[in-house]
Amino acid sequence: MSLPAEEANGRAVTIERYAPRDIDELMAIEVRSFSAPWSRESYEELWPLESVDIWVARLGGGLVGYMLLQHIGEEMELHTLATSPEMRRRGVARKLLGHMIDEAKRLGVLRIFLQVRPSNAPARALYASLGFLPVGLRRKYYKDDDEDALVLKLEIEAYERGRKA
């Protein structure tokens with residue numbers, strides 16, 4: 001399944017399901033995006049789980065972003081989201097998040113949770129623009145530097161109301 005997304009340099013970005021052939025490109029973005037990247041083995045172990053979905057963003061055939069979601073019942077969690085450094089601030093992450101919200105609605109999810117570093121101002125601004133609100137703090141969550149994690153939540157019903165206003 002491939003969906004049209006934002007245009008970047010005249011070419012359409014598409015969102016599609018992860019396939020094992022994507023792992024090398026995904027890992028190239030992972031290690032450039034995070035100070036404590038997930039391992040290749042983590043993705044390979046999580047991908048087959050029924051509750052986990054990995055979505056990738058492509059531009060001209062190349063992978064430019066991805067996200068890993070887990071949904072159980074009425075809740076979903078965004079575990080990780082990354083965009084290649086050269087494609088940041090071009091709408092790729094916003095398009096992935098829009099797809100996540102669409103998937104949540106399709107699955108009957110009522111709320112989405114995520115963790116974000118307080119120091120990651122661009123990500124926090126993006127999440128806030130979509131209606132994510134802070135609901136907690138996880139002390140020393142990030143093991144590479146002991147930074148806390150802000151826990152954010154999006155209520156799908158509130159998101160829908162906000163879109164209609």
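**Exercise 1.** Is G91 buried, partly exposed or exposed, at what relative accessibility?

*Solution.* The structure is a predicted model, in which local features need pLDDT of at least 70 and side-chain atom pairs count only at pLDDT 80 or more, while totals for chains, interfaces and linings use all residues. Residues are numbered from 1 along each chain as its sequence is written, and side-chain values use heavy atoms, with hydrogens and water left out.

Step 1. The classes are set by relative accessible area: buried means under 20%, exposed over 50%, and partly exposed in between, with a 1.4 Å probe and protein chains only.
Step 2. G91 has 22% relative accessibility and therefore counts as partly exposed.
Step 3. The residue is found in the loop between β5 and α3. Helices (H or I, at least four residues) and strands (E, at least two) are DSSP runs, numbered from the N terminus.
Step 4. The C-alpha atom of G91 is separated by 9.4 Å from that of V13, 78 residues apart along the chain.

**Exercise 2.** Identify the buried residues of helix α1, describe their placement around the axis, and list the elements they pack against.

*Solution.* 
Step 1. Helix α1 spans residues 23-33, and its buried residues are I23, L26, M27, I29 and E30.
Step 2. These residues cover an arc of only 160° around the axis, which puts them on the same side of α1. The arc is that of the directions from the helix axis to the C-beta atoms.
Step 3. The packing partners of the buried residues of α1 are α2 (40-46), β3 (52-59), β4 (62-72) and β5 (75-83). Contact means heavy atoms within 4.5 Å.

**Exercise 3.** Characterise the packing of helices α3 and α4 by axis distance, crossing angle, handedness and contact residues.

*Solution.* 
Step 1. Two packed helices are described by the angle between their axes and the distance between the axes.
Step 2. The axes of α3 (residues 92-107) and α4 (residues 121-129) come within 11 Å and cross at roughly 40°. Axes are lines fitted to C-alpha atoms, for helices over the stretch in contact, and angles run from 0 to 180 degrees between N-to-C directions.
Step 3. Angles under 35 degrees count as roughly parallel, over 145 as roughly antiparallel, 65 to 115 as roughly perpendicular and the rest as oblique. The helices α3 and α4 are therefore oblique to each other.
Step 4. The crossing of α3 and α4 is right-handed, the near helix being turned clockwise from the far one by less than a right angle.
Step 5. A93, R94 and L97 of α3 make the contact with L126, Y127 and S129 of α4. By class, this contact has four nonpolar, one polar and one charged residues. Ala, Val, Leu, Ile, Met, Phe, Trp, Tyr, Cys and Pro count as nonpolar, Asp, Glu, Lys and Arg as charged, and the others, Gly among them, as polar.

**Exercise 4.** Which residues of α4 are buried, and which elements do they pack against?

*Solution.* 
Step 1. The buried residues of α4 are A123, L126 and Y127.
Step 2. Seen down the axis of α4, these fall within an arc of 95°, so they line one face of the helix.
Step 3. They pack against β5, α3, β6 (111-116) and β8 (149-155).

**Exercise 5.** Examine the backbone phi of R89 and D146.

*Solution.* 
Step 1. Most residues other than glycine have a negative phi.
Step 2. R89, in the loop between β5 and α3, has a positive phi near 65°. R89 is exposed, with a relative accessible area of 76%.
Step 3. D146, in the loop between β7 (133-138) and β8, has a positive phi near 65°. At 42% relative accessibility, D146 counts as partly exposed.
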